[in-house]
Amino acid sequence: MVIFRNGVRRLNGFFKGYYFKHQKGDNTLCIIIGWSGNERFIQVITKEFSRKLPFTEGNRFSQKGIALNIHEPGLSLTGRIRYKNLTPIHYDVMGPFCFLPMECRHRIISMDHLLEGKVFFNGKMMDFTGGRGYIEGDSGRSFPSSYTWIQANDFQDGCSIMAAVAKIPFCGLQFRGCICVIHDHGREYRLATYLGVKILACTKKNIILKQGKYRLDIRINAGKGRRLSAPQDGEMERTILEAVACPAEFLFFEGQRLVFYRKSEQASFEYEVSERRESR
């Protein structure tokens, strides 16, 4: 199934986008594609580079892989990466909130999958064969005014983790919501507002979530992030920062028992606390 290719699609007052992460060793390449108002765009992010540009012919994105053919001043990115053994989650990450009017809807397409292929980034070959991938999507009007998001799957034993905490406007009120999915050796754990999670800490360096007998402690060393465009009232008018590959530690407990400790060197992390301007 082709997720996105060139063509006219107007989403006045709304946005829709997909996030494709590719990682192997020290190489990390993230591609964001989407629609915003009358705009079709691609964003390219690595540890040293970020750029937003118009969507052009010759680029294809699907659940089977991507084909890139980008030639812009200061940016040449070509090649193909295929995806194998996608790992969807058991049910919608939004839970019952997927049936309600929300400012932003989140979707996880694959927590973890195998990569095969290579790209050439400004003359440098990035070989992702044997690496790991991740795909998610967002749609709605705007990103939350403040939020934290982290994702990592560069582990050696088939584990993938995604967690997000955000300020959510709903029916004239606001609450702090959380979604978190852990895939570990074929088992899925989920911590979420609709399941009774408690957010014990949420800063640029530490996220602590507790739900019943489970507790997740995330320790982050993000450093400086790269500038990305993000949606505000359906237009890509807001700037956020993402550290596309940073060190992070994940400790997951069941009661007093440590289920696992894992360290990532290539976790992707966004931390946004500034209040956006009021909607028009």
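This is a predicted model: local features need pLDDT of at least 70, side-chain atom pairs count only at pLDDT 80 or more; totals for chains, interfaces and linings use all residues.
A cavity is here a set of grid points where a 1.4 Å probe fits but cannot get out, whereas a pocket is an open set.

A search of the whole structure returns one cavity of 30 Å³ or more. The space inside the largest cavity comes to about 670 Å³, and 42 residues line it. Those closest to the cavity centre are Cys104, His106, Asp138, Phe143 and Pro144. Sorted by class, the cavity lining comprises 28 nonpolar residues, eight polar ones and six charged ones.

Turning to the open spaces, the largest pocket holds about 250 Å³. Its lining consists of 15 residues, and Gln23, Arg132, Asp154, Phe155 and Gln156 sit closest to the pocket centre. Two elements each supply two or more residues to this lining, namely strand S2 (11-24) and strand S21 (257-272). Of the elements, S21 makes the greatest contribution, with three residues. The make-up by class is one nonpolar, eight polar and six charged residues in the pocket lining, while the lining of the largest cavity counts 28 nonpolar, eight polar and six charged.

Two individual residues are worth a visit as well. Serine 160 belongs to strand S13, which covers residues 159-170. Serine 160 counts as buried because its relative accessible area is 0%, and buried means under 20%. A polar atom of the serine 160 side chain lies 2.6 Å from the backbone oxygen of methionine 111. Leaving aside residues up to four places away in sequence, serine 160 is in contact with Met111, Asp112, Gln151, Ala152, Asn153, Val181, Ile182 and His183.

Along the chain, glutamate 48 and alanine 243 are 195 residues apart, yet their C-alpha atoms are separated by 9.9 Å.

Technical notes. Residues are numbered from 1 along each chain as its sequence is written. Side-chain values use heavy atoms; hydrogens and water are left out. On a 1 Å grid over the protein atoms alone, a cavity is a set of points where a 1.4 Å probe fits but cannot get out, and a pocket is an open set with protein on both sides within 12 Å along at least five of seven lines; lining residues have an atom within 4 Å of a point. Grid points are joined across faces, edges and corners, and a volume is the space filled by probe spheres set on the points. Helices (H or I, at least four residues) and strands (E, at least two) are DSSP runs, numbered from the N terminus. Ala, Val, Leu, Ile, Met, Phe, Trp, Tyr, Cys and Pro count as nonpolar, Asp, Glu, Lys and Arg as charged, and the others, Gly among them, as polar. Buried means under 20% relative accessible area, exposed over 50%, partly exposed in between (1.4 Å probe, protein chains only). A polar contact is a pair of N or O atoms within 3.5 Å; within protein, one must be able to donate a hydrogen and the other to accept it, and residues adjacent in sequence count only if both atoms are side-chain atoms. Contact means heavy atoms within 4.5 Å.
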